[in-house]
Amino acid sequence: MNDDLIWHVRAFIYQHFVETARPPTVDETATQFGLTREQATTIYAELGQRHAIFLEPGTHHIRMANPFSAIPTTFRVHAHGKAYWANCAWDSFGIPAALHTDAMIEATCAENQQPITLRVENGQVTCGAEHIHFLVPFRRWYDDLIFT
Amino acid sequence: MLLFRSEAALERWLVKNNYARGATLTVAQVWELAQLWYHNRLALDYHGRSIEQVQAIFQQLGLTASFWRTEQT
(Lines give C-alpha, C1' and ligand atoms only; values in the text may rest on other atoms or scores of the structure.)
Protein backbone atom coordinates (compact mmCIF):
# COMPACT_ATOMS: atom_id res chain seq x y z
CA MET A 1 0.00 0.00 0.00
CA ASN A 2 1.25 3.45 -0.97
CA ASP A 3 2.41 5.23 2.20
CA ASP A 4 1.69 8.65 0.74
CA LEU A 5 -1.93 7.64 0.12
CA ILE A 6 -2.26 6.24 3.63
CA TRP A 7 -1.21 9.55 5.19
CA HIS A 8 -3.50 11.52 2.89
CA VAL A 9 -6.38 9.31 4.04
CA ARG A 10 -5.40 9.96 7.66
CA ALA A 11 -5.49 13.72 7.02
CA PHE A 12 -8.86 13.38 5.27
CA ILE A 13 -10.31 11.50 8.25
CA TYR A 14 -9.23 14.28 10.59
CA GLN A 15 -10.49 17.03 8.30
CA HIS A 16 -13.82 15.22 8.06
CA PHE A 17 -14.02 15.06 11.85
CA VAL A 18 -13.24 18.79 12.07
CA GLU A 19 -15.89 19.75 9.53
CA THR A 20 -18.69 17.35 10.45
CA ALA A 21 -17.86 16.15 14.00
CA ARG A 22 -17.91 12.56 12.77
CA PRO A 23 -15.49 10.29 10.92
CA PRO A 24 -15.95 9.36 7.27
CA THR A 25 -17.23 5.90 6.44
CA VAL A 26 -15.06 3.67 4.28
CA ASP A 27 -17.46 4.38 1.42
CA GLU A 28 -17.01 8.14 1.81
CA THR A 29 -13.25 7.71 1.92
CA ALA A 30 -13.31 5.41 -1.11
CA THR A 31 -15.29 8.01 -3.04
CA GLN A 32 -12.99 10.84 -1.96
CA PHE A 33 -9.88 9.05 -3.24
CA GLY A 34 -11.34 7.05 -6.11
CA LEU A 35 -10.68 3.74 -4.35
CA THR A 36 -12.63 0.55 -4.10
CA ARG A 37 -14.35 -0.17 -0.80
CA GLU A 38 -11.85 -2.98 -0.19
CA GLN A 39 -8.91 -0.64 -0.74
CA ALA A 40 -10.33 1.95 1.65
CA THR A 41 -10.99 -0.79 4.22
CA THR A 42 -7.40 -1.97 3.91
CA ILE A 43 -6.11 1.56 4.52
CA TYR A 44 -8.32 1.95 7.59
CA ALA A 45 -6.91 -1.32 8.94
CA GLU A 46 -3.37 -0.15 8.24
CA LEU A 47 -3.97 3.17 10.00
CA GLY A 48 -5.37 1.21 12.92
CA GLN A 49 -2.24 -0.95 13.03
CA ARG A 50 -0.14 2.22 13.15
CA HIS A 51 -2.27 3.63 16.02
CA ALA A 52 -3.19 6.58 13.79
CA ILE A 53 -6.88 5.78 14.31
CA PHE A 54 -8.75 3.27 16.46
CA LEU A 55 -11.36 1.06 14.83
CA GLU A 56 -14.34 -0.41 16.63
CA PRO A 57 -13.04 -3.93 17.31
CA GLY A 58 -13.96 -6.37 14.55
CA THR A 59 -15.23 -3.63 12.22
CA HIS A 60 -13.95 -0.96 9.86
CA HIS A 61 -15.83 1.79 11.69
CA ILE A 62 -13.65 4.51 13.19
CA ARG A 63 -14.21 4.79 16.95
CA MET A 64 -11.43 7.27 17.70
CA ALA A 65 -9.11 9.57 15.84
CA ASN A 66 -7.65 11.11 18.95
CA PRO A 67 -8.66 13.53 20.30
CA PHE A 68 -11.98 13.04 18.50
CA SER A 69 -14.51 10.37 19.41
CA ALA A 70 -17.08 9.00 16.99
CA ILE A 71 -19.42 8.02 19.81
CA PRO A 72 -20.95 10.10 22.61
CA THR A 73 -18.88 10.40 25.77
CA THR A 74 -19.05 12.47 28.94
CA PHE A 75 -16.82 15.10 27.29
CA ARG A 76 -18.59 17.50 24.93
CA VAL A 77 -16.37 20.14 23.38
CA HIS A 78 -17.82 23.27 21.81
CA ALA A 79 -15.23 24.80 19.51
CA HIS A 80 -14.81 26.05 15.97
CA GLY A 81 -18.58 26.67 15.83
CA LYS A 82 -19.28 22.97 16.32
CA ALA A 83 -19.78 20.42 19.08
CA TYR A 84 -17.45 17.44 19.23
CA TRP A 85 -17.15 14.38 21.46
CA ALA A 86 -13.74 13.83 23.05
CA ASN A 87 -12.46 10.44 24.20
CA CYS A 88 -11.39 11.51 27.68
CA ALA A 89 -10.50 14.49 29.85
CA TRP A 90 -7.12 14.92 28.18
CA ASP A 91 -8.63 14.69 24.71
CA SER A 92 -11.25 17.28 25.64
CA PHE A 93 -8.35 19.73 25.76
CA GLY A 94 -6.77 18.06 22.76
CA ILE A 95 -9.56 19.31 20.51
CA PRO A 96 -8.93 23.05 21.08
CA ALA A 97 -5.20 22.29 21.00
CA ALA A 98 -5.52 20.60 17.59
CA LEU A 99 -7.84 23.31 16.26
CA HIS A 100 -5.82 26.16 17.80
CA THR A 101 -9.00 27.75 19.07
CA ASP A 102 -10.94 28.54 22.22
CA ALA A 103 -13.38 26.00 23.59
CA MET A 104 -16.08 25.38 26.14
CA ILE A 105 -16.00 21.86 27.57
CA GLU A 106 -19.04 20.26 29.16
CA ALA A 107 -17.95 17.30 31.24
CA THR A 108 -18.96 15.41 34.36
CA CYS A 109 -17.16 14.49 37.55
CA ALA A 110 -16.38 10.77 37.33
CA GLU A 111 -17.16 10.32 41.02
CA ASN A 112 -20.67 11.78 41.19
CA GLN A 113 -21.59 12.60 37.57
CA GLN A 114 -22.18 16.25 38.44
CA PRO A 115 -21.62 18.63 35.51
CA ILE A 116 -18.36 20.55 35.21
CA THR A 117 -17.73 23.31 32.70
CA LEU A 118 -14.18 24.17 31.67
CA ARG A 119 -13.05 26.83 29.25
CA VAL A 120 -10.07 27.58 27.07
CA GLU A 121 -9.95 31.29 26.36
CA ASN A 122 -7.13 33.10 24.60
CA GLY A 123 -4.86 30.11 25.11
CA GLN A 124 -5.51 29.84 28.86
CA VAL A 125 -7.70 27.46 30.83
CA THR A 126 -10.16 28.63 33.42
CA CYS A 127 -10.91 26.05 36.07
CA GLY A 128 -11.30 25.45 39.78
CA ALA A 129 -9.85 22.64 41.86
CA GLU A 130 -10.51 19.94 39.30
CA HIS A 131 -8.05 17.08 38.86
CA ILE A 132 -7.50 14.70 35.99
CA HIS A 133 -6.51 11.18 36.91
CA PHE A 134 -4.52 8.80 34.70
CA LEU A 135 -5.17 5.26 35.89
CA VAL A 136 -3.04 3.34 33.40
CA PRO A 137 0.74 3.88 33.05
CA PHE A 138 1.83 5.17 29.63
CA ARG A 139 3.55 1.93 28.60
CA ARG A 140 0.16 0.12 28.86
CA TRP A 141 -2.07 2.71 27.21
CA TYR A 142 -2.47 0.76 24.01
CA ASP A 143 -3.16 -2.58 25.73
CA ASP A 144 -6.81 -1.51 26.02
CA LEU A 145 -7.32 1.95 24.61
CA ILE A 146 -11.02 2.15 25.48
CA PHE A 147 -10.28 1.44 29.16
CA THR A 148 -7.31 3.80 29.11
CA MET B 1 -8.36 9.83 31.76
CA LEU B 2 -11.15 10.97 34.02
CA LEU B 3 -12.09 14.34 35.46
CA PHE B 4 -12.82 14.91 39.14
CA ARG B 5 -14.18 18.02 40.78
CA SER B 6 -11.66 17.78 43.60
CA GLU B 7 -8.94 15.67 45.16
CA ALA B 8 -11.51 14.42 47.69
CA ALA B 9 -13.82 13.24 44.89
CA LEU B 10 -10.93 11.39 43.26
CA GLU B 11 -10.04 9.69 46.53
CA ARG B 12 -13.63 8.53 47.06
CA TRP B 13 -13.72 7.14 43.50
CA LEU B 14 -10.46 5.21 43.97
CA VAL B 15 -11.68 3.65 47.22
CA LYS B 16 -15.14 2.82 45.81
CA ASN B 17 -13.65 1.09 42.76
CA ASN B 18 -10.68 -0.44 44.58
CA TYR B 19 -8.23 1.16 42.15
CA ALA B 20 -4.65 2.04 42.95
CA ARG B 21 -3.83 5.71 42.41
CA GLY B 22 -2.18 6.37 39.07
CA ALA B 23 -1.01 9.87 38.16
CA THR B 24 -2.94 13.05 38.92
CA LEU B 25 -2.53 16.30 37.01
CA THR B 26 -4.22 19.67 37.32
CA VAL B 27 -6.35 20.98 34.49
CA ALA B 28 -3.65 23.53 33.68
CA GLN B 29 -1.05 20.75 33.39
CA VAL B 30 -3.29 18.71 31.11
CA TRP B 31 -3.90 21.76 28.91
CA GLU B 32 -0.13 22.12 28.53
CA LEU B 33 0.20 18.43 27.76
CA ALA B 34 -2.65 18.59 25.24
CA GLN B 35 -1.01 21.46 23.39
CA LEU B 36 2.31 19.64 23.10
CA TRP B 37 0.61 16.38 22.14
CA TYR B 38 -2.02 17.58 19.70
CA HIS B 39 -0.89 20.91 18.24
CA ASN B 40 0.11 19.33 14.90
CA ARG B 41 -2.39 16.45 14.80
CA LEU B 42 -4.26 17.75 11.77
CA ALA B 43 -1.15 18.25 9.65
CA LEU B 44 -0.59 16.02 6.65
CA ASP B 45 2.99 15.41 7.73
CA TYR B 46 2.06 14.21 11.22
CA HIS B 47 2.83 10.50 11.11
CA GLY B 48 2.87 9.73 14.81
CA ARG B 49 5.83 10.14 17.10
CA SER B 50 8.69 8.05 18.33
CA ILE B 51 9.14 6.79 21.87
CA GLU B 52 11.93 9.34 22.25
CA GLN B 53 9.62 12.18 21.18
CA VAL B 54 6.96 11.02 23.65
CA GLN B 55 9.52 10.90 26.43
CA ALA B 56 10.71 14.40 25.53
CA ILE B 57 7.17 15.77 25.86
CA PHE B 58 6.72 14.17 29.27
CA GLN B 59 10.09 15.46 30.43
CA GLN B 60 9.29 18.96 29.22
CA LEU B 61 6.35 18.96 31.63
CA GLY B 62 8.32 17.41 34.47
CA LEU B 63 6.50 14.08 34.15
CA THR B 64 9.48 11.93 35.03
CA ALA B 65 7.98 9.38 37.43
CA SER B 66 7.97 5.72 36.42
CA PHE B 67 4.28 6.09 35.51
CA TRP B 68 5.30 8.14 32.48
CA ARG B 69 8.17 5.96 31.32
CA THR B 70 7.76 4.66 27.83
CA GLU B 71 9.34 1.26 28.47
CA GLN B 72 9.39 -1.29 31.25
CA THR B 73 12.45 -0.42 33.34
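At what angle do helix α4 of chain A and helix α2 of chain B pack? The tour gets there after each chain has been selected in turn. This is a predicted model, in which local features need pLDDT of at least 70 and side-chain atom pairs count only at pLDDT 80 or more, while totals for chains, interfaces and linings use all residues. Residues are numbered from 1 along each chain as its sequence is written, and chains are lettered from A and ligands numbered from 1 in the order in which they are written.

**Chain A**

Select chain A, which has 4 helices and 9 strands. Helices (H or I, at least four residues) and strands (E, at least two) are DSSP runs, numbered from the N terminus. Traced along the sequence, the pattern of chain A is α-α-α-β-β-β-β-β-α-β-β-β-β. Its radius of gyration is 16 Å, close to the 15 Å that the globule rule gives for 148 residues, so chain A is as compact as a globular protein of that length. The radius is taken over C-alpha atoms, and the rule is 2.2 Å times the number of residues to the power 0.38. The C-alpha trace of chain A spans about 50 × 35 × 20 Å along its principal axes. Of its 148 residues, 40% count as buried. A residue is buried if 20 or more other C-beta atoms lie within 10 Å of its own, exposed if 12 or fewer, and partly exposed in between, with C-beta atoms placed from the backbone.

**Helices α1 and α3 of chain A**

Next select residues 3-20 and 37-49 of chain A, helices α1 and α3, whose axes are 10 Å apart and meet at an angle of about 85 degrees. Axes are lines fitted to C-alpha atoms, for helices over the stretch in contact, and angles run from 0 to 180 degrees between N-to-C directions. α1(A) and α3(A) are therefore roughly perpendicular to each other. Angles under 35 degrees count as roughly parallel, over 145 as roughly antiparallel, 65 to 115 as roughly perpendicular and the rest as oblique. Show side chains for Leu5(A), Ile6(A), Val9(A) and Arg10(A) on α1(A), and for Ile43(A), Glu46(A) and Leu47(A) on α3(A), which make the contact. Two residues are in contact if their C-beta atoms, placed from the backbone, lie within 7 Å.

**Glu121 of chain A**

Move to strand β7 (residues 115-121) of chain A, where Glu121(A) lies. Glu121(A) counts as exposed because it has 11 C-beta neighbours inside 10 Å. Beyond its neighbours within four places in sequence, Glu121(A) is in contact with Asp102(A) and Thr126(A). The C-alpha atoms of Glu121(A) and Pro96(A) are 9.8 Å apart, although 25 residues separate them along the chain.

**Chain B**

Now select chain B, with 3 helices and 2 strands, in the order β-α-β-α-α from the N terminus. Its radius of gyration is 15 Å, well over the 11 Å that the globule rule gives for 73 residues, so chain B is more spread out than a compact globule. Of the 73 residues in chain B, 19% are buried.

**Between the chains**

Finally, select helix α4 (residues 89-99) of chain A and helix α2 (residues 27-38) of chain B, which pack at an angle of about 55 degrees with axes 8 Å apart. α4(A) and α2(B) are therefore oblique to each other.
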